[in-house]
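Subject: Structure handover

Hello,

Please find the structure below, with the sequence. My notes come after it.

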Amino acid sequence: MELEEKQEDLKQQLLKLNKAREEMEREMSDIVDFLQSPQPSGVVPGLEGNLIDDEGFPRADMDIHLIRIQRNKRALLQTDHKAKMKEIEALLLQIHEVYGKLAKTAPLTTVPAPLKSGETAKSVEVAVAPESIVQPFAVVHEVTPSSPGEKAGLKVGDKILQVGTVTKGVGGMADLHNVGAYLQQNENQTVALIALRGTKQLEMRLVPSKWSGNGLLGCHLVPI
């Protein structure tokens, strides 16, 4: 019972952290839209760049004061966002620990492990968490043979709950872009991937890496 209460508490903490992260991302997106949109003069400020003219005076074709405020705000938000992501990562580690303890009484499901060079296919048993605390944000529409995704055990129809530290955010293509960025940052590293297959939650080991096809996953994901 204590573990279940802790799981619920961690779930609420994660929801709060994800909400704060989403708000930061929305705010940063609004700032980027502003900085990449034309001023009344037609000039686009940009995310960075000189705001002084050739004679050393503030440019008259832009709202210099507002642009500086927005650029500075974006920089602060980026710093806060990194800190928030570290909080989320630390919380996910706690969640996985609770999952492991709860899963001792849950059935085991066999899924393929990622292959090392020269290895043949094999399977590894991983514990299935009894309850999902995050919502799926994508579904696997296609899996290419011999791709990193197939080696990890993904199948068509699997719903993606988590890739490393990436969980459901603002939704749509934005979440898939987050997955792509995370995979690039962790190329050739083993990352945890949690998927929902029917009513069973599976934890897989994914090694995003270059292969004969495009990308580092080799699966076509469709946002939910």
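Predicted model: local features only at pLDDT ≥ 70, side-chain atom pairs only at ≥ 80, totals over all residues.

Residues are numbered from 1 along each chain as its sequence is written, and side-chain values use heavy atoms, with hydrogens and water left out.

The sheet is open and has 5 strands in the order E6-E5-E4-E3-E7, with antiparallel pairing. Helices (H or I, at least four residues) and strands (E, at least two) are DSSP runs, numbered from the N terminus; two strands pair if DSSP finds at least two bridges between them. Strands E6 (200-206) and E7 (219-223) stand at the edges with a single partner strand each, so one side of each has no neighbour in the sheet. From one strand to the next the twist averages 40°; axes are lines fitted to C-alpha atoms, for helices over the stretch in contact, and angles run from 0 to 180 degrees between N-to-C directions.

Strand E5 (residues 191-197) is joined to E6 by 7 bridges, and the two run antiparallel. Ile194 stands opposite Glu203 in E6, and Arg197 has Lys200 in E6 as its bridge partner. E5 and E6 form a hairpin with 2 residues between them, and Gly198 in the turn has a positive phi of about 70°. E4 also pairs with E5 in the antiparallel sense, over 4 bridges; there the bridge partner of Val163 is Leu193 in E5.

Contact here means heavy atoms within 4.5 Å.

Which residues of H4 are buried? They are Asp175, Leu176, Val179, Tyr182 and Leu183, where buried means under 20% relative accessible area, exposed over 50% and partly exposed in between (1.4 Å probe, protein chains only). Seen down the axis of H4, the buried residues fall within an arc of 120°, so they line one face of the helix; the arc is that of the directions from the helix axis to the C-beta atoms. What covers them includes E3, E4, E5, E6 and E7. On the other side of H4, His177, Gln184 and Gln185 are exposed.

Regards
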